[in-house]
Amino acid sequence: VITGYTDKSGNPTVNLKLSKKRANNVKNYLMQQGIQSNRLLTDFQGSNKATKANDPFARRVEIVLVPSF
């Protein structure tokens with residue numbers, strides 16, 4: 001699962017779009033590296049889980065690997 005985040009600065013609607021763009025950029029990169037799109041899930045949280053504004057660590061993409069059986 002590829003999840004995009006932002007910090008609390010700015011408009012929440014814009015932050016949600018930005019977090020979606022971040023997650024999709026990572027997904028597109030992984031697809032260019034040969035990973036099939038059906039193996040990649042994206043999620044975007046915007047600033048929902050951010051603790052403060054202007055926090056560079058809140059502006060991120062996290063990847064969680066889920067084993068397939």
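Here are some questions and answers about how the features of this predicted model get their labels.

Q: Why is D7 called buried?
A: Buried means under 20% relative accessible area. D7 has 3% relative accessibility, so it counts as buried. You will find D7 in the loop between β1 (2-5) and α1 (12-32). For the protein as a whole, buried residues make up 26% of the 69 residues.

Q: What makes the pairing of D7 and R59 a polar contact?
A: The limit for a pair of N or O atoms is 3.5 Å. The side chains of D7 and R59 are joined at 2.7 Å, and 2.7 Å is within that limit. D7 also has R60 to compare with: their C-alpha atoms are separated by 8.9 Å, although the two residues are 53 apart along the chain.

Q: Is Y5 buried or exposed, and how do you know?
A: Y5 has 8% relative accessibility, and the cut-off for buried is under 20%, so Y5 counts as buried. Y5 lies in strand β1. Its C-alpha atom is separated by 7.8 Å from that of R22, 17 residues apart along the chain.

Q: How many aromatic pairs does a search of the whole structure find?
A: The search finds zero. To pair, ring centres would have to lie within 6.5 Å.

Q: What makes the phi of N54 worth a look?
A: Most residues other than glycine have a negative phi. N54 is not a glycine, yet its phi is positive, at about 55°. N54 sits in the loop between β2 (42-46) and β3 (61-63).

Q: Why is N54 called exposed?
A: Exposed means over 50% relative accessible area. N54 has 56%, so the label exposed applies.

Q: What lines the largest pocket, and what is its volume?
A: The volume is about 360 Å³. The lining has 14 residues, with V1, R39, L40, L65 and V66 nearest the centre. By type, the lining divides into eleven nonpolar, two polar and one charged.

Technical notes:
Residues are numbered from 1 along each chain as its sequence is written. This is a predicted model: local features need pLDDT of at least 70, side-chain atom pairs count only at pLDDT 80 or more; totals for chains, interfaces and linings use all residues. Side-chain values use heavy atoms; hydrogens and water are left out. On a 1 Å grid over the protein atoms alone, a cavity is a set of points where a 1.4 Å probe fits but cannot get out, and a pocket is an open set with protein on both sides within 12 Å along at least five of seven lines; lining residues have an atom within 4 Å of a point. Grid points are joined across faces, edges and corners, and a volume is the space filled by probe spheres set on the points. Ala, Val, Leu, Ile, Met, Phe, Trp, Tyr, Cys and Pro count as nonpolar, Asp, Glu, Lys and Arg as charged, and the others, Gly among them, as polar. Rings of Phe, Tyr and Trp (its six-membered ring) pair if their centres lie within 6.5 Å; planes under 30 degrees apart count as stacked, over 60 as edge-to-face and the rest as tilted. Helices (H or I, at least four residues) and strands (E, at least two) are DSSP runs, numbered from the N terminus. Buried means under 20% relative accessible area, exposed over 50%, partly exposed in between (1.4 Å probe, protein chains only). A polar contact is a pair of N or O atoms within 3.5 Å; within protein, one must be able to donate a hydrogen and the other to accept it, and residues adjacent in sequence count only if both atoms are side-chain atoms.
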